[in-house]
Amino acid sequence: MKITAHTRMVGIIGYPVRHSLSPVMHNAEFARLGLNYVYVAWEVHPGEIPEAVKGLRVLGAVGFNVTVPHKQAVVAELDELSEEAKAIGAVNTVRFENGRAVGYNTDASGWREDIERTISLAGERICIIGAGGAARAVAVGACQAGAAALVICNRRFETAETLGELLRHYFPSVEVTWSGLCGDHCRELVRSCHIIVNATPVGMTGKGGCPIPSDWLLPGQFVYDTIYTPAETQFLAEAKARGCRVQNGLGMLVRQGAKAFELWTGVKPDPDAMEREVRAFL
Ligand SMILES: NC(=O)c1ccc[n+]([C@@H]2O[C@H](COP(=O)([O-])OP(=O)(O)OC[C@H]3O[C@@H](n4cnc5c(N)ncnc54)[C@H](OP(=O)(O)O)[C@@H]3O)[C@@H](O)[C@H]2O)c1
């Protein structure tokens, strides 16, 4: 697609942001569908979020994605939040609507759509390791999908508690418990669940390690890692060796992106085509 004076602009703000795969998958899909849009990555220092949002608004951007570490801080700069973004307390997609900056969170539906390609969440007991932005999105996605129970295990107990209480408030019919990340109590909680989700950065390329000891896992459990680089984290490799079914977070990345794409353009993209582009790039 030729960039012209009519090209519409979207992108991503983060710090750092150069590792992002979003420009590749969005630009490929704009080209495939013949849409005159361009998606770029903007590295925005944490102290300059207000200027960035104001700048994008006056330059006429259609909207933008938000990644680490801005997903919570950007909320203060927005005029309105979707119900989902309110429940999650974080925004990963912004759309300018008649000059108003409206915040959405597409991580929850992105995760849910991805995992439900393999396993249904309805009636399940789900353990989420972590209580940050990704964990909050996974938790809301799980509750929306009809999970019976959620167990939040996090390194800092207070953060697990804050998320647990929020979930009890928004989803009173779901049984919610929480714990720190070590000890027999946590191990037994992990073992009481059929689906285990890693929503911490433990295991990302260059970092290695497992978020919980893999000998806590039981054969037959379903282990989802929100990480997608490397494609197989140490946690997934060890879970597989113990007889668990496993899935990484690439499909979540693609599906949260597909939802943002639709919010900006009004056109439904093909997530499978977007996924092929990302895989070819990796
Ligand atoms: N696939 C996707 O589309 C997608 C989307 C979003 C995020 N993610 C993944 O999710 C990960 C987390 O992102 P986020 O936005 O939730 O980050 P975040 O808000 O900074 O939260 C990080 C969470 O991980 C925990 N944690 C960090 N280091 C840890 C360690 N060494 N041991 C145990 N727990 C640790 C933190 O615990 P404390 O509270 O104790 O600090 C916190 O709960 C990212 O690294 C990314 O790989 C994937």
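Reader: Which residue in S11 does Val-197 stand opposite?
Author: Strands of a sheet pair through backbone hydrogen bonds, either parallel or antiparallel. In this predicted model, Val-197 stands opposite Tyr-224 in S11. The two strands involved are S10, residues 195-198, and S11, residues 222-225, which pair in the parallel sense over 4 bridges. Another residue of the pairing is Asn-198, opposite Asp-225 in S11.

Reader: What is the order of the strands in the open sheet with parallel pairing?
Author: The order in this sheet of 6 strands is S9-S8-S7-S10-S11-S12. Strand S9 (175-179) and strand S12 (245-247) are the edge strands, each pairing on one side only. Direction ignored, neighbouring strands of this sheet are turned by 15° against each other on average.

Reader: Which helix packs on the sheet and touches S10, S11 and S12?
Author: Helix H4 (residues 107-115) does, and its direction makes about 140° with that of S11. Helix H5 (residues 133-144) lies across strand S7 (125-129), strand S8 (149-153) and S10. The direction of H5 runs at about 170° to S7.

Reader: How many bridges join S7 and S10?
Author: There are 4, and the pairing is in the parallel sense. In S10, Ile-195 is the bridge partner of Ile-126.

Reader: Are the residues on the two faces of S10 buried or exposed?
Author: Both faces are covered. Ile-195 and Val-197 are buried on one side, and Ile-196 and Asn-198 are buried on the other.

Reader: What is the strand order in the open sheet with mixed pairing?
Author: This sheet of 6 strands has the order S2-S1-S3-S5-S6-S4. Its edge strands are strand S2 (37-43) and S4, each of which pairs on one side only. S3 and strand S5 (residues 93-97) pair in the antiparallel sense over 3 bridges, and Phe-64 stands opposite Val-94 in S5.

Reader: What does helix H2 touch where it packs on the sheet?
Author: Helix H2 (residues 49-58) touches strand S1 (8-14), S2, S3, S5 and strand S6 (100-104). The direction of H2 makes about 45° with that of S5. Helix H9 (residues 250-265) lies across S1, S2, S3, S5 and S6, and runs at about 5° to S5.

Reader: In what sense do S5 and S6 pair?
Author: They pair in the antiparallel sense, over 5 bridges. Val-94 has Gly-103 as its bridge partner in S6. The hairpin of S5 and S6 has 2 residues between the strands, and in it Asn-98 takes a positive phi near 50°. S6 also pairs with S4, in the parallel sense and over 2 bridges. There, the bridge partner of Glu-80 in S6 is Val-102.

Reader: Where does Thr-67 lie?
Author: Thr-67 is in the loop between strand S3 (63-66) and strand S4 (80-81). Thr-67 has a relative accessible area of 17%. A residue counts as buried under 20%, so Thr-67 is buried. Residues up to four places away in sequence aside, Thr-67 touches Ile-12, Ile-13, Gly-14 and Val-17.

Reader: At what angle do helix H1 and helix H10 pack?
Author: Two packed helices are described by the angle between their axes and the distance between the axes. For helix H1 (residues 22-33) and helix H10 (residues 271-281), the angle is about 130° and the axes are 9 Å apart. That angle makes H1 oblique to H10. The crossing of H1 and H10 is right-handed.

Reader: Which residues in H1 and H10 meet?
Author: Val-24, Met-25, His-26, Ala-28, Glu-29 and Arg-32 belong to H1. They meet Ala-273, Met-274, Glu-277, Val-278 and Phe-281 in H10. By class, the contact of H1 with H10 has 7 nonpolar, 1 polar and 3 charged residues.

Conventions
Residues are numbered from 1 along each chain as its sequence is written. This is a predicted model: local features need pLDDT of at least 70, side-chain atom pairs count only at pLDDT 80 or more; totals for chains, interfaces and linings use all residues. Side-chain values use heavy atoms; hydrogens and water are left out. Axes are lines fitted to C-alpha atoms, for helices over the stretch in contact, and angles run from 0 to 180 degrees between N-to-C directions. Angles under 35 degrees count as roughly parallel, over 145 as roughly antiparallel, 65 to 115 as roughly perpendicular and the rest as oblique. A crossing is left-handed if the near helix is turned anticlockwise from the far one by less than a right angle, and right-handed if clockwise. Contact means heavy atoms within 4.5 Å. Ala, Val, Leu, Ile, Met, Phe, Trp, Tyr, Cys and Pro count as nonpolar, Asp, Glu, Lys and Arg as charged, and the others, Gly among them, as polar. Two strands pair if DSSP finds at least two bridges between them. Buried means under 20% relative accessible area, exposed over 50%, partly exposed in between (1.4 Å probe, protein chains only).
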